[in-house]
Amino acid sequence: MRYQIAPLFCRPWTLLGFERKLIESHYENNYGGAFARLNEISQELAALDPATTAPHVIRRLKQDEAAALNSLALHELYFASLGGDGRAIGEVMTNALARDFGSVDRWRSEFVALANSLDGGSGWVLLTWLPRAGRLINQSVCEGSQAIAGGITILALDMYEHAYHIDFGPNHISYVATFMRNIDWSAVQGRYEDAIEVKPPRPLEQKQFADVPSITVDEVKAMLDSGTPVQIIDTRPRHTSSRSPDMMEAAVWRDPDRVDEWMGELDKSAPVVAFCVYGFHVGCQAVAALRKAGFDARYMAGGHFAWKAIKGPVKIFDSTTR
Ligand SMILES: [Fe+2]
């Protein structure tokens, strides 16, 4: 396939502190160069036979393809980030930046500090929406680092020397300040509004237990840390003890095959959290039985291993009680 070139998004004669020559050279030579490279690589890849091509050739071509694709996409975002007065930040972006950074000023100072931290080195500084976290984040992408997978960039600052040297020489600090004074916030807001429409990655779904409520390991940890009374039951199958030397510190182990026998020990006035190895059937079944009997029970999503993954406290596994 052949990639298409995009027209220059900003109007160079409206920019304050940037000469037209700089923007024209940047668009023609650097953006245009990435575009030409990408199509050459794309043709090369289409023409080769992956089964007979040397591995290092495929690896290099795919690395170059990714670099050229990033360059193309980020240059388009860079040019589309310019053209405003840098000041008129509408309510939507003001609220979004305040929510995720504390305030617009805090966001701005982090973004600028990140740009200046590259110290004249090559790279990009990006404001990116993360659907999986439901928040904006500043990131830099330079030699040895990558754009965040699944992130959607809404503002891009090009920190490669070719982006400013014609006008600013080695003075990247002045360049960054000039960029900030030319941000087109209405365009950024448009991209933000598109980005937040993207759904986060699909969560684990267990349709047969859709009506059994769960609780996250972080929520359980917060309950324990705050001293909230909670009865925690490790319902991993008995044979687990031979495979796993430890268990959640705050839990007692009970045999999932004998729920009816031990549920009488529990207090109906305090919540119950049960879990199994990974948070699938066994824990859910135990919780369903407890709820049927009138307990305020929830299963801990991710089970024993999610607790271990957040480095929750554990103790030696003890299955002698039941
Ligand atoms: Fe560039």
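User: What geometry does the site of the iron ion have, going by the angles among its 4 donor atoms?

Analyst: Keep in mind that this is a predicted model. The angles among the 4 donor atoms run from 90 to 128°. Four donors pass as tetrahedral if all angles lie between 85 and 135 degrees. So the call for the iron ion, with that range, is tetrahedral.

User: Which residues are the protein donors of the iron ion?

Analyst: The donor atoms lie 1.8 to 2.1 Å from the iron ion, and the donor residues follow the spacing H-x48-H-x82-D-x3-H along the sequence. Two of them, His75 in helix H2 (residues 55-81) and His162 in the loop between strand E3 (152-158) and helix H5 (165-168), are 87 residues apart and link distant parts of the chain.

User: Is His75 buried or exposed?

Analyst: Buried means under 20% relative accessible area. His75 comes in at 3% relative accessibility, so His75 counts as buried.

User: Which residues do ring pairs link into a cluster?

Analyst: Ring centres have to lie within 6.5 Å to pair, and the count by this rule is 16 aromatic pairs. The cluster linked by ring pairs consists of Tyr27, Tyr31, Tyr78, Phe79 and Phe179.

User: Which ring does the charged end of Lys268 sit over?

Analyst: There's also a case with arginine: Arg135 lies over the face of Phe101, 5.5 Å from the ring centre. For Lys268, the charged end is 5.2 Å from the centre of the ring of Phe295.

Key. Residues are numbered from 1 along each chain as its sequence is written. This is a predicted model: local features need pLDDT of at least 70, side-chain atom pairs count only at pLDDT 80 or more; totals for chains, interfaces and linings use all residues. Side-chain values use heavy atoms; hydrogens and water are left out. Rings of Phe, Tyr and Trp (its six-membered ring) pair if their centres lie within 6.5 Å; planes under 30 degrees apart count as stacked, over 60 as edge-to-face and the rest as tilted. A charge sits over a ring if NZ of Lys or CZ of Arg is within 6 Å of the ring centre and within 35 degrees of the ring normal. Donors are N, O and S atoms within 2.8 Å of the metal (3.2 Å for Na, K and Ca); water is not among the atoms, so sites may look incomplete. Four donors count as tetrahedral if all angles lie between 85 and 135 degrees; four count as square planar and six as octahedral if opposite donors are over 155 degrees apart and all others between 65 and 115; anything else is irregular. Helices (H or I, at least four residues) and strands (E, at least two) are DSSP runs, numbered from the N terminus. Buried means under 20% relative accessible area, exposed over 50%, partly exposed in between (1.4 Å probe, protein chains only).
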